[in-house]
Amino acid sequence: MMKEIQINKNLGKEEKYIELTKQIKYLIEGEEDLIANLSNICAAISETHKFLWTGFYIVKGNELVLGPFQGPVACTRIAFGNGVCGKSWEDKKSIIVKDVNAFPGHIACSSKSKSEIVIPIFNNGNIYGVLDVDDSNYAAFDETDLKYLKGIIKLIEDNLG
Ligand code: SME
């Protein structure tokens, strides 16, 4: 069955997220394979918001390892506590970075990346991985992105365990 993301590009950011969340629910409905769902979720976010890079890093031992993503090639492994992703894992908290140059230890996977948001994914109190979104504009992410991306992460968390 064909499933497509159809979101009016003239909508504002929040309206796009509201539509996107509904459509992601439909997209992952009936599919229990996590990697398949993560793949479609990052494609759907990317297609809707045209961010520079949208993807997942998954905890494997003491590292985050690159998972499904959309965008330019990226670093494959990030140590615990390193970069924005490793810090989010360590602190078990979301991080919004308005200017990546001002974040100590930021790992630059693309010279085009100027701002970033990272949201941890929980599985029974442990971190399963993180959603990382980068953009080529400074201060691209705010509380609206945080709210709706967290809502999308919740759908993944329901798919875990
Ligand atoms: N900037 C991230 C690394 C991952 S790439 O942006 C895709 C970080 O500092 O953790």
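Reader: Which residues of helix α3 (residues 83–91) are buried?
Author: This is a predicted model, in which local features need pLDDT of at least 70, side-chain atom pairs count only at pLDDT 80 or more, and totals for chains, interfaces and linings use all residues. Residues are numbered from 1 along each chain as its sequence is written, and side-chain values use heavy atoms, with hydrogens and water left out. Helices (H or I, at least four residues) and strands (E, at least two) are DSSP runs numbered from the N terminus, while buried means under 20% relative accessible area, exposed over 50% and partly exposed in between, with a 1.4 Å probe and protein chains only. In α3, the buried residues are G83, V84, C85, G86, S88 and W89.

Reader: Against which strands do the buried residues of α3 pack?
Author: Packing is judged by contact, which means heavy atoms within 4.5 Å. By that test, the partners of the buried α3 residues are β1 (53–60), β2, β3 (77–79), β4, β5 and β6.

Reader: In what order do the elements of the protein run from the N terminus on?
Author: The protein has four helices and six strands. Read from the N terminus, the order is α-α-β-β-β-α-β-β-β-α.

Reader: What radius of gyration does the protein have?
Author: The radius of gyration is taken over C-alpha atoms, and the globule rule is 2.2 Å times the number of residues to the power 0.38. The C-alpha atoms fill a box of roughly 45 × 35 × 25 Å along the principal axes. For 161 residues, the rule puts a compact globule near 15 Å, and the protein agrees because its own radius of gyration is 15 Å.

Reader: What percentage of the 161 residues in the protein is buried?
Author: Contacts and cover may be read together here. Among contacts between residues at least 6 apart in sequence, 53% join residues at least 24 apart. Of the 161 residues, the buried share is 46%.

Reader: How many bridges join β5 to β6?
Author: Strand β5 (residues 115–123) is mostly covered, since seven of its nine residues are buried. Its E116 is the bridge partner of V97 and also stands opposite D134 in β6. Strands β5 and β6 (residues 126–135) run antiparallel, and the number of bridges joining them is nine.

Reader: Which residue in the turn between β5 and β6 has a positive phi?
Author: These two strands form a hairpin with two residues between them. The turn residue with a positive phi, of about 50°, is N124.

Reader: Which residue in β2 is the bridge partner of I58?
Author: Strands β1 and β2 run antiparallel and are joined by six bridges. They form a hairpin with two residues between them, and G61 in the turn has a positive phi of about 65°. In β2, the bridge partner of I58 is V65.

Reader: Is P68 buried or exposed?
Author: P68 is found in strand β2 (residues 63–70). Beyond residues up to four places away in sequence, P68 touches I35, L38, S39, C42, G55, F56 and I58. The C-alpha atoms of P68 and S39 are separated by 5.0 Å, although the two residues are 29 apart along the chain. With a relative accessible area of 12%, P68 is buried.

Reader: With which residues is R77 in contact, leaving aside its neighbours within four places in sequence?
Author: The place of R77 is in strand β3. R77 and N101 are 24 residues apart in sequence and 20 Å apart in space, C-alpha to C-alpha. Once its neighbours within four places are set aside, R77 is in contact with E63, L64 and V65.

Reader: What is the relative accessible area of K92?
Author: Most residues other than glycine have a negative phi. K92, in the loop between α3 and β4, has a positive phi near 55° and is not a glycine. K92 counts as partly exposed because its relative accessible area is 41%.

Reader: What is the relative accessibility of A139?
Author: A139 lies in the loop between β6 and α4 (143–159). Although it is not a glycine, A139 has a positive phi of about 50°. A139 counts as partly exposed, its relative accessibility being 44%.

Terms used:
Two strands pair if DSSP finds at least two bridges between them.
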